Amino acid sequence: MVAVGVRIEVTLDPNGGSYDPPTVDNPAVLGEQAHGGGYPADTAGVADFHALAGGSAQISSQTDRACLHTTPRCLPPQREFRVIISVS
């Protein structure tokens, strides 16, 4: 649980596949301050969020590779990142 006003930074290491920049499902609870990196570059997917109001929000991302956007597509294993943040 975090308090209103807390900053949350997410950095997802590209080792094994770039992650898409993390996103939040409830922007009224966690406001996105910045995001970047990730696919199509082979850099860390990063995002900064700011706790705005009480409630809960999920931050999520998944790996993304160039071959997933070609024909035929590749079928590498995908990794998912999910965390639920409760704000009081």
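Leaving out neighbours within four places in sequence, Val87 touches Val2, Ala3, Val4, Val29, Leu30, Ala51, Ala53, Gly54 and Gly55, a contact being heavy atoms within 4.5 Å. The model behind this is predicted, with local features needing pLDDT of at least 70, side-chain atom pairs counting only at pLDDT 80 or more, and totals for chains, interfaces and linings using all residues. Residues are numbered from 1 along each chain as its sequence is written, and side-chain values use heavy atoms, with hydrogens and water left out.

Val87 sits in strand β6 (residues 80-87); strands here are DSSP runs of E, at least two residues long, numbered from the N terminus. With a relative accessible area of 6%, Val87 is buried (buried is under 20% relative accessible area, exposed over 50%, partly exposed in between, using a 1.4 Å probe and protein chains only). Val4 lies 83 residues away from Val87 along the chain, yet their C-alpha atoms are 6.3 Å apart.

Now for the charged side chains. The salt bridge count comes to three, taking a side-chain nitrogen of Lys or Arg within 4 Å of a carboxyl oxygen of Asp or Glu as the rule. Arg7 pairs with Glu9 at 3.0 Å, N to O, and both of these residues are exposed. Arg7 also bridges to Asp48, at 3.2 Å from N to O. Elsewhere, Arg82 and Glu80 make a salt bridge with their closest N and O atoms 3.0 Å apart, and both Arg82 and Glu80 are exposed.

How values were computed. Helix = DSSP H or I, 4+ residues; strand = E, 2+ residues; numbered from the N terminus.
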